[in-house]
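Let's walk through this structure together, one piece at a time. Keep the viewer open as you read.

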Amino acid sequence: MAFNLPKIRNCARCGRIFTAMHGEKVCRDCLDKEKAFEEQVVKYIRDNPGSTLKEVMEATGANEKMLNRMMQDGIFSNAAVSRDKEATYPCMSCGRPITSGTYCMDCLAKLRDQTKKAAERMQIRIKEDRKMSTIERLDALAEKEFERESRMSGIRRNFSKGMFKNN
Ligand SMILES: [Zn+2]
Ligand SMILES: [Zn+2]
């Protein structure tokens with residue numbers, strides 16, 4: 001096991017400065033509060049077997065993220081909480097019934113793909129842009145401005161010569 005030096009850091013929950021002895025991100029106070037809250041949730045589930053996640057959330061004030069984490073940590077078994085009885089609502093994109101989040105799994109995958117592609121396009125643009133140094137960019141800008149200015153003065157010159165007159 002790696003040896004961790006105590007580290008001074010801000011608590012991820014309350015922001016207070018504390019000494020992390022083993023790389024923890026949350027201070028002692030918040031950890032105790034969290035534990036007490038978790039115990040409350042576990043007690044509710046034990047006293048009310050077969051509750052839906054929604055019922056647990058409403059009764060204890062726990063959010064879904066926390067309950068999912070507790071399930072993953074094995075604090076209570078999936079069987080103790082029913083997911084089947086959960087109310088469903090339509091996916092924002094395709095309307096398929098879902099029980100959590102905003103989009104169904106398919107739409108989420110599509111969305112992720114689109115975001116990735118957009119990010120890749122951005123990367124390419126940034127790379128191309130970086131090829132030009134600031135000086136070069138200023139030069140290019142000045143050149144464009146000069147072109148525009150000379151075109152304008154050409155038009156003005158022709159105009160004063162009467163080239164735009166209809167007769
Ligand atoms: Zn804290
Ligand atoms: Zn969908």
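**A guided tour**

Asn68 is found in helix H3, which covers residues 64-72; helices here are DSSP runs of H or I with at least four residues, strands are runs of E with at least two, and both are numbered from the N terminus. Asn68 is exposed, because 12 other C-beta atoms lie within 10 Å. Between the C-alpha atoms of Asn68 and Leu53, which are 15 residues apart along the chain, the separation is 9.5 Å.

Before going further, a word on the source: this is a predicted model, in which local features need pLDDT of at least 70 and side-chain atom pairs count only at pLDDT 80 or more, while totals for chains, interfaces and linings use all residues. Residues are numbered from 1 along each chain as its sequence is written, and chains are lettered from A and ligands numbered from 1 in the order in which they are written.

How confident is the predictor in the protein chain? The mean pLDDT (the predictor's confidence in each residue, from 0 to 100) is 78, and 77% of the residues reach 70 or more. Strand S2 (residues 17-20) has the highest mean, at 93, whereas strand S4 (residues 81-82) has the lowest, at 62.

Now for the overall layout. The protein chain has 5 helices and 6 strands, arranged along the sequence as β-β-α-β-α-α-β-β-β-α-α. Of its 167 residues, 4% count as buried.

S1 (residues 7-10) and S2 run antiparallel and are joined by 4 bridges; strands pair if DSSP finds at least two bridges between them. They form a hairpin with 6 residues between the strands, and Gly15 in the turn has a positive phi of about 85°. Across the pair, Lys7 stands opposite Ala20, and Arg9 faces Phe18. In the segment before S1 sits Leu5, which is exposed, with 7 other C-beta atoms within 10 Å. Leu5 and His22 are 17 residues apart in sequence, and their C-alpha atoms are 7.6 Å apart.

Next, look at helices H1 (residues 28-47) and H2 (residues 53-60), whose axes come within 10 Å and cross at roughly 130°. The axes are lines fitted to C-alpha atoms over the stretch in contact, with angles from 0 to 180 degrees between N-to-C directions. H1 and H2 are therefore oblique to each other, the class left once angles under 35 degrees (roughly parallel), over 145 (roughly antiparallel) and 65 to 115 (roughly perpendicular) are set aside. Where they meet, Gln40, Val41, Tyr44 and Ile45 in H1 contact Val56, Ala59 and Thr60 in H2, a contact being two C-beta atoms, placed from the backbone, within 7 Å.

Definitions and conventions: Buried ≥ 20, exposed ≤ 12 C-beta atoms within 10 Å, placed from the backbone.
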